[in-house]
Amino acid sequence: MTSPPRARRAFWSDIRFLIGITLVILSIAGVWLIVSSARETTPILQADRTIAQGEALVSDDFRVVEVSLGAVSESYLAPQDLQPGMVAARTLADGELLPTTATGDAQSARTTSIVVESSVGIPESVTVGTALELWFAPPVEDGEGFEAPRILVANVVVASIPEVDGMLAQQSAALELVIDRSDVADVLAAITSGAALSVVPLGTSS
């Protein structure tokens, strides 16, 4: 007797096998790409100190670090992205990576800085970058004393605390403050009128 002919394998089963092999290859390639991209680093600027809002951004205030940020690396500045005229649009903490959203143009900035003298000293908690309220007490008409203190500018930021040379250095109460340009006239008027100025860290005035 002749044996019956062997049944041929269905064509669709071969296609399913090839699809399975393709999926395995794609999966391996995807894992390889993920691992490879995770190993790639990008040079990014990192603040070497606290930089107050409105300060000029210069290379000396940053160090270059190699970080793995993937697609979001475009949201941070590399060394070659730092251009003359850039200022901090907000306060940058020491060690913070420099995001593009924290930079601005000095010519279009709405803020400037001004030095004021606090009549009651400077709280120990106040450092560069601290947000403050600026209070003032106008002098009374007869020159004997001051009126009740009230808020002059509700939100300013410490740009620097100037150092004074000599024996009176510890008694200095001067502060360089970043303020909105629209508030400059009021602050200068308070200074020239002889008003007593003082600063209060935000959240502690009550």
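This is a predicted model: local features need pLDDT of at least 70, side-chain atom pairs count only at pLDDT 80 or more; totals for chains, interfaces and linings use all residues.
1. Strand E6 (residues 131–137) and strand E7 (residues 150–160) form an antiparallel pair joined by 5 bridges; two strands count as paired if DSSP finds at least two bridges between them. Helices (H or I, at least four residues) and strands (E, at least two) are DSSP runs, numbered from the N terminus.

2. Residues are numbered from 1 along each chain as its sequence is written, and side-chain values use heavy atoms, with hydrogens and water left out.

3. The chain contains 2 helices and 9 strands. Along the sequence they follow the pattern α-β-β-β-β-β-β-β-β-α-β.

4. E6 and E7 belong to an open sheet of 5 strands, ordered E5-E8-E7-E6-E9, with antiparallel pairing. Strand E5 (111–117) and strand E9 (196–201) are at the edges with a single partner strand each, so one side of each has no neighbour in the sheet. On average, and with direction ignored, neighbouring strands of this sheet are turned by 45° against each other. Axes are lines fitted to C-alpha atoms, for helices over the stretch in contact, and angles run from 0 to 180 degrees between N-to-C directions.

5. The remaining pairings complete the sheet. E6 also pairs with E9 in the antiparallel sense, over 6 bridges, and Leu134 stands opposite Val199 in E9. E7 and E8 are antiparallel over 3 bridges, where Ser160 has Glu176 of E8 as its bridge partner. E5 and E8 run antiparallel and are joined by 7 bridges; here Ile114 stands opposite Leu177 in E8.

6. Which strands are largely enclosed by the rest of the structure? In E6, 5 of the 7 residues are buried, so this strand is largely enclosed. E8 likewise has 5 of its 7 residues buried and is therefore largely enclosed by the rest of the structure. Buried means under 20% relative accessible area, exposed over 50%, and partly exposed in between (1.4 Å probe, protein chains only).

7. Helix H2 (residues 184–192) lies across E5, E6, E7, strand E8 (174–180) and E9, and runs at about 15° to E5. Val184, Val187 and Ala190 are the buried residues of H2. These residues cover an arc of only 130° around the axis, which means that they lie on the same side of H2; the arc is that of the directions from the helix axis to the C-beta atoms. The buried residues of H2 pack against E5, E6, E7, E8 and E9, contact being defined as heavy atoms within 4.5 Å.

8. The face of H2 turned away from its buried side carries the exposed residues Ala185 and Thr192. Just after H2, Gly194 adopts a positive phi of about 85°.

9. Totals for the chain are as follows. Of its 206 residues, 29% are buried. Among contacts between residues at least 6 apart in sequence, 64% join residues at least 24 apart. The accessible surface comes to about 13,600 Å², of which carbon and sulfur atoms account for 57%. Accessible areas come from the Shrake-Rupley method with a 1.4 Å probe; for residues, only the protein chains shown count as cover.
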